[in-house]
Amino acid sequence: DENVIGLPCRITYQMIENATGIVARKLASADEAMKMIAITIDSADCMITTIVAALVDMLHSFDHVAKLVSEICCLVSEESKNKLAVEILREIGRLDTSIGTNSDTGGRASGIRN
């Protein structure tokens, strides 16, 4: 059942949220949390959508999570395809960046020509 498989991941999300620095990372056991997420991805394909949604939400909410998410992508054992990295990039590409922007670029990256 997905709820049973997803329970450890829900706990690890909280551990990663609390890992804001080197000391906090050790206290929150973030390295072990990242390994738990990678193992879940390797063993249960059905959870990838849920995990990606949670990680993208944390990327949006917490500055320190970007480094941790990149490390999780490296921990996933299927490195030749790395579904996690592909799915995260795909999900970020779907985000509507035009909402809430007041700049003259209309939500586009500053390096893109208009």
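**Notes on the fold and its packing**

1. Let me begin with a single residue. Thr40 sits in helix H3, which spans residues 30-43. Its relative accessible area is 9%, so Thr40 counts as buried, the cut-off being under 20%. Leaving aside residues up to four places away in sequence, Thr40 touches Ile5, Cys9, Met47 and Ile51.

2. Please keep in mind that this is a predicted model. The protein chain has six helices and zero strands, and from the N terminus on its elements run α-α-α-α-α-α. Of its 114 residues, 30% count as buried. Among contacts in the protein chain with a separation of 6 or more, 61% are between residues 24 or more positions apart.

3. Next, a helix pair worth a look on your screen. Helix H4 (residues 48-61) packs with helix H5 (residues 65-75) at an angle of about 150°, and their axes lie 8 Å apart. H4 is therefore roughly antiparallel to H5, since angles over 145 degrees are classed that way. On the H4 side the contact is made by Leu55, Met58 and Leu59, and on the H5 side by Val65, Ala66, Val69 and Ile72. Sorted by class, this contact of H4 with H5 has seven nonpolar residues, no polar ones and no charged ones.

4. How are the buried residues of H5 placed around its axis? The residues in question are Val65, Leu68, Val69, Ile72 and Cys73. They cover an arc of only 145° around the axis, so they lie on the same side of H5. The face turned away from that buried side carries the exposed residues Lys67 and Cys74.

5. What covers the buried residues of H5? The cover includes helix H1 (2-17), helix H2 (22-27), H3, H4 and helix H6 (83-94). Two members of the buried set, Val65 and Val69, have already come up in the contact with H4, as has Ile72.

6. Finally, a word on the cysteines. A disulfide is a covalent bond between the sulfur atoms of two cysteines. How many disulfides does the structure hold? The count is zero. Cys9, one of the residues that Thr40 touches, has a relative accessible area of 2% and is therefore buried. Cys46, by contrast, is partly exposed, because its relative accessible area is 41%. In H5, Cys73 is among the buried residues, whereas Cys74 is exposed on the face turned away from the buried side.

Conventions
Residues are numbered from 1 along each chain as its sequence is written. This is a predicted model: local features need pLDDT of at least 70, side-chain atom pairs count only at pLDDT 80 or more; totals for chains, interfaces and linings use all residues. Side-chain values use heavy atoms; hydrogens and water are left out. Axes are lines fitted to C-alpha atoms, for helices over the stretch in contact, and angles run from 0 to 180 degrees between N-to-C directions. Helices (H or I, at least four residues) and strands (E, at least two) are DSSP runs, numbered from the N terminus. Angles under 35 degrees count as roughly parallel, over 145 as roughly antiparallel, 65 to 115 as roughly perpendicular and the rest as oblique. Contact means heavy atoms within 4.5 Å. Ala, Val, Leu, Ile, Met, Phe, Trp, Tyr, Cys and Pro count as nonpolar, Asp, Glu, Lys and Arg as charged, and the others, Gly among them, as polar. Buried means under 20% relative accessible area, exposed over 50%, partly exposed in between (1.4 Å probe, protein chains only). The arc is that of the directions from the helix axis to the C-beta atoms. A disulfide is a pair of cysteine sulfur atoms within 2.5 Å.
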